[in-house]
Amino acid sequence: MPDTLRTRTFGHRIHHYSRAASTNDIAYKIALEGGEEGEVVVAEEQTQGRGRGNHYWFSPPGGLWFSLILYPQKILSSQVPALNLLGALGIAITCGKLFPTLSSQIRWPNDTVIGDRKVGGVLCRAKCKKDKAIFVVMGIGVNLNIEEFPPSLCHTATSLRKESGHTVEREAFLQTLLEEMEELYIISQRDFSFILERARLLSSLLGKQVAVQMRQGEIKGLAQDLDEEGNLILRLESGIQTRITPEEGYLRL
Ligand code: BT5
């Protein structure tokens, strides 16, 4: 990372791989062995990139695939999913800063989108003791210079290169992203409501009708708000309000 990196800890130590199965697994192991806050594991390519649940993450060369080790103070395990919003917000802010003409938004619970196409995603994994998170590995994927997506993604995914017509310099993007993320993270430690407020402002969902796939079937309603743990508040067609956690519901796109 260049000397111009303006962070307290984020990115001061970077473990670089040309190819890895998943940077999240490597970072988790480093954290277990005493890794420090802000350490980053980055890979040019992942062979087993992962999303939530059993989702896969397409991670060929040309994207930014990395994981960040965090030791959030006083965070409960139930609050870990809200960190996904922080990650998605960091990606959206960075895209907006480097590409002011592109309008990137966040799509609950962990996506950054341009229009309705996903340009980035976040996957947090925490080590918890009782109800406290001891450390969190925040995995971040951003489609920087990907020209072609497989058929299963070509209608739902996009890259910054496709949207802007310009090649994105990976190191410069990573530097800005780490700076933005650290600022958000420091604020989040004293006042998480600030993150939620920004997430609401940049949300692509709030005020819209959405369909959510739950284990017991699909539900539809108006996306009304995000609560303090990053859950989605949905107003069902019946008028009843319901709260959906990121683990129990997947948006139907
Ligand atoms: C995510 O999961 O969006 C989390 C993505 C996290 C990736 C990072 S890369 C570094 C670190 N190491 C890892 O192994 N993972 C993290 P989810 O919300 O479940 O979305 C996954 C879904 O997005 C898949 O089921 C596909 O439909 C779609 N998808 C897969 N790869 C994509 C890509 N490159 N761009 C856009 N959409 C993609």
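Me: Which residues are the closest to the ligand?
Reply: The model is predicted, so local features need pLDDT of at least 70 and side-chain atom pairs pLDDT 80 or more, whereas totals for chains, interfaces and linings use all residues. Residues are numbered from 1 along each chain as its sequence is written, and side-chain values use heavy atoms, without hydrogens and water. In total 26 residues surround the ligand, and the closest are Ser22, Arg50, Arg52, His55 and Lys118.

Me: How many Å separate an oxygen atom of the ligand from an N or O atom in the side chain of His55?
Reply: A polar contact is a pair of N or O atoms within 3.5 Å; within protein, one must be able to donate a hydrogen and the other to accept it, and residues adjacent in sequence count only if both atoms are side-chain atoms. A ligand nitrogen lies 2.9 Å from a side-chain N or O atom of Gln46, and a ligand oxygen lies 2.8 Å from a polar backbone atom of Arg52. For a ligand oxygen and the side-chain N or O atom of His55, the distance is 2.5 Å.

Me: In which strand is the place of Lys118?
Reply: Strands (E, at least two residues) and helices (H or I, at least four) are DSSP runs numbered from the N terminus. Lys118 touches, by heavy atoms within 4.5 Å, residues that include Trp57, Asp111 and Asn143, not counting those up to four places away in sequence. Lys118 belongs to residues 117–129, strand S6.

Me: Are H2 and H5 oblique or parallel to each other?
Reply: H2 (residues 80–98) and H5 (residues 192–201) pack at about 55°, their axes 10 Å apart. Axes are lines fitted to C-alpha atoms, for helices over the stretch in contact, and angles run from 0 to 180 degrees between N-to-C directions. Angles under 35 degrees count as roughly parallel, over 145 as roughly antiparallel, 65 to 115 as roughly perpendicular and the rest as oblique. H2 and H5 are therefore oblique.

Me: Which residue of H5 does the contact with H2 include besides Phe192, Ile195, Leu196 and Ala199?
Reply: From H2, the contact involves Ala82, Leu83, Leu85, Leu86, Leu89 and Ile93. On the H5 side, Phe192, Ile195, Leu196 and Ala199 are joined by Arg198.

Me: Which residue does a cis peptide bond join to Trp108?
Reply: The bond has an omega of about 0°. The residue joined to Trp108 is Pro109.

Methods: Near = heavy atom within 4 Å.
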